[in-house]
Amino acid sequence: TIALALKEAFEREGPWDVATLLAMTPARCAAVFGQDPSLPLMHLFAQALNDYGRLLRTAYGGDPRRLVASAEGSAERLVERLTALAFYRDVAQYDGQPVAFYKRAQLAAADLALALRQLTPPSPLGVFHDLDRLTIFADNLVPHVLRIDGILEYAPALLARITAEELIEPGSPEEVEIRACAVHAVELLVAELRRQGHCVTAHQLDYLLWNRGQEPRYKAQPRHRARTVYY
């Protein structure tokens with residue numbers, strides 16, 4: 001719904017420039033996306049677009065192509081650039097240690113590479129030499145698929161809370177462990193598939209697992225829920 005609304009807005013108005021991004025308000029977001037202006041999500045959308053506009057204006061001359069070009073063909077470097085944005089700075093604390101997931105920043109790099117390869121002719125901006133450096137995009141769906149498929153096992157008390165659709169606190173040990181174990185499990189899958197001669201990356205497996213999660217048997221059971229800007 002959100003992606004289609006954004007596509008239609010760009011078809012009507014063209015891509016949003018820096019001035020438009022900086023002027024974005026919750027009400028304007030609600031109008032574009034067909035949502036209730038009072039929804040907290042519309043305020044977060046506006047804040048994220050404002051932040052992006054400021055980053056482009058101050059560091060890249062207002063040109064998003066300069067942001068991508070500054071990565072010099074490295075998806076990992078583009079992820080680093082995007083962590084300048086608060087909603088992409090996806091770092092939790094676990095037992096006193098920082099745990100960086102960078103879900104949205106990594107997904108932005110992977111999706112950009114996919115989209116720009118499909119242009120005619122393909123855009124050189126989308127050619128990244130190190131997409132294999134990306135992990136899965138750890139949120140609440142891929143761990144859910146891995147659990148249903150028997151790859152991850154949750155503690156009974158945690159599973160009971162998830163089944164009851166109780167909110168899991170973002171940054172809590174349980175939430176960090178769910179995401180981190182999913183990242184680790186997929187890295188093990190990638191290693192095994194490569195051992196068997198398959199050329200595969202973690203981000204490619206993420207796409208497969210995410211689409212698998214749209215099937216009815218996965219939707220029939222609750223996945224963990226957390227109020228967070230990082231999914």
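Searching the whole structure turns up 15 salt bridges. Keep in mind that this is a predicted model.

| Salt bridge | N to O distance |
|---|---|
| D51 and R54 | 2.5 Å |
| R161 and E174 | 3.0 Å |
| K103 and D139 | 3.7 Å |

Let's start with the pair inside a helix. D51 and R54 both belong to helix α4, where they sit three residues apart, or about one turn of the helix. In an α-helix there are 3.6 residues a turn, so residues three or four places apart point the same way. The side chains of D51 and R54 meet at 2.5 Å, N to O. Is D51 buried or exposed? D51 counts as buried because its relative accessible area is 17%, and the cut-off for buried is under 20%. R54 has 37% relative accessibility, so R54 counts as partly exposed.

Next comes K103, which lies in helix α7. The side chain of K103 meets that of D139 in a salt bridge, 3.7 Å from N to O. This pair ties together distant parts of the chain: K103 is in α7 (residues 103-117), D139 is in the loop between α7 and α8 (142-148), and 36 residues separate the two. Both K103 and D139 are buried. For K103 the relative accessibility is 7%, which is why K103 gets that label. What does K103 touch, leaving out residues up to four places away in sequence? The list is D90, F137, A138, D139, R179, Y230 and Y231. So the salt-bridge partner D139 shows up in that contact list because its side chain meets K103 within the 4.5 Å contact cut-off.

The side chains of R161 and E174 also meet in a salt bridge, at 3.0 Å, N to O. Here too the pair links distant parts of the chain, with R161 in helix α9 (residues 156-163) and E174 in helix α10 (residues 173-195), 13 residues apart. R161 is partly exposed because its relative accessible area is 23%. E174 comes in at 26% relative accessibility, so E174 is partly exposed as well.

Elsewhere, R12, E13 and R28 are joined in a network of salt bridges.

Back to helix α4, which covers residues 40-59. How many residues does α4 have, and what does it reach from its first C-alpha to its last? The helix has 20 residues and reaches 29 Å, close to the 28 Å expected at 1.5 Å a residue. Its buried residues are M42, A46, L49, N50, D51, G53, L55 and L56. The cover over them includes α2 (18-22), α3 (26-33), α5 (64-69) and α6 (75-82). Just after α4, G61 takes a positive phi of about 60 degrees.

L39, L41 and L44 make up a nonpolar patch on the surface, and together they have about 220 Å² of accessible area. L44 is in α4, and L44 counts as partly exposed because its relative accessibility is 32%.

Finally, a word on the cysteines. The count of disulfides comes to zero. C181 is partly exposed, with a relative accessible area of 41%, whereas C199 is exposed, at 81%.

Methods
Residues are numbered from 1 along each chain as its sequence is written. This is a predicted model: local features need pLDDT of at least 70, side-chain atom pairs count only at pLDDT 80 or more; totals for chains, interfaces and linings use all residues. Side-chain values use heavy atoms; hydrogens and water are left out. Patches are made of residues with over 30% relative accessible area and no salt bridge: like charges are joined within 9 Å, nonpolar side chains (Val, Leu, Ile, Met, Phe, Trp, Tyr) within 5 Å. Accessible areas come from the Shrake-Rupley method with a 1.4 Å probe; for residues, only the protein chains shown count as cover. A salt bridge is a side-chain nitrogen of Lys or Arg within 4 Å of a carboxyl oxygen of Asp or Glu. Helices (H or I, at least four residues) and strands (E, at least two) are DSSP runs, numbered from the N terminus. Buried means under 20% relative accessible area, exposed over 50%, partly exposed in between (1.4 Å probe, protein chains only). The expected span of a helix is 1.5 Å times one less than its number of residues. A disulfide is a pair of cysteine sulfur atoms within 2.5 Å.
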